Amino acid sequence: MEWRNSMSFSYERLWKQALKRKINKTALRDMAGITNSTLSRLSKDKTVSMDALARICEALQCNLEDIVEYKLEKNGNE
């Protein structure tokens, strides 16, 4: 049996943080100094740079685990 790992990131925690603080995506972008492209990637649960995540954490005064979740999925092939 061969195991292949598939990794993905979820930014659902980020959107929950923003909602809790009543911050929309445009305001978050401006607060954190990130680009529209980065915001789009976050919205699609795609990878973004650690610099962008650090900026968001600084803007929201939170930790990385408060805004991103790493998901490891195992796919078994026989």
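How many residues apart are Lys-16 and Glu-12 in helix α1? They are four residues apart, so about one helical turn separates Lys-16 from Glu-12 in this helix, which covers residues 12-20. The views below show this pair and others in a predicted model.

**View 1. Salt bridges in the predicted model.** The count of salt bridges comes to three. They include the pair Lys-16 and Glu-12, the pair Asp-30 and Arg-29, and the pair Arg-55 and Asp-51.

**View 2. The salt bridge between Lys-16 and Glu-12 in helix α1.** The two side chains meet at 3.3 Å, N to O. Glu-12, at 45%, counts as partly exposed.

**View 3. The salt bridge between Asp-30 and Arg-29.** Here the side chains of Asp-30 and Arg-29 meet with an N to O distance of 2.9 Å.

**View 4. The salt bridge between Arg-55 and Asp-51 in helix α4.** The closest N and O atoms of this pair are 3.0 Å apart. Helix α4 spans residues 50-60, and within it Arg-55 and Asp-51 lie four residues apart, so that about one helical turn separates them. Arg-55 is partly exposed at 38% relative accessibility. Asp-51 is also partly exposed, with a relative accessible area of 46%.

Conventions
Residues are numbered from 1 along each chain as its sequence is written. This is a predicted model: local features need pLDDT of at least 70, side-chain atom pairs count only at pLDDT 80 or more; totals for chains, interfaces and linings use all residues. Side-chain values use heavy atoms; hydrogens and water are left out. A salt bridge is a side-chain nitrogen of Lys or Arg within 4 Å of a carboxyl oxygen of Asp or Glu. Helices (H or I, at least four residues) and strands (E, at least two) are DSSP runs, numbered from the N terminus. Buried means under 20% relative accessible area, exposed over 50%, partly exposed in between (1.4 Å probe, protein chains only).
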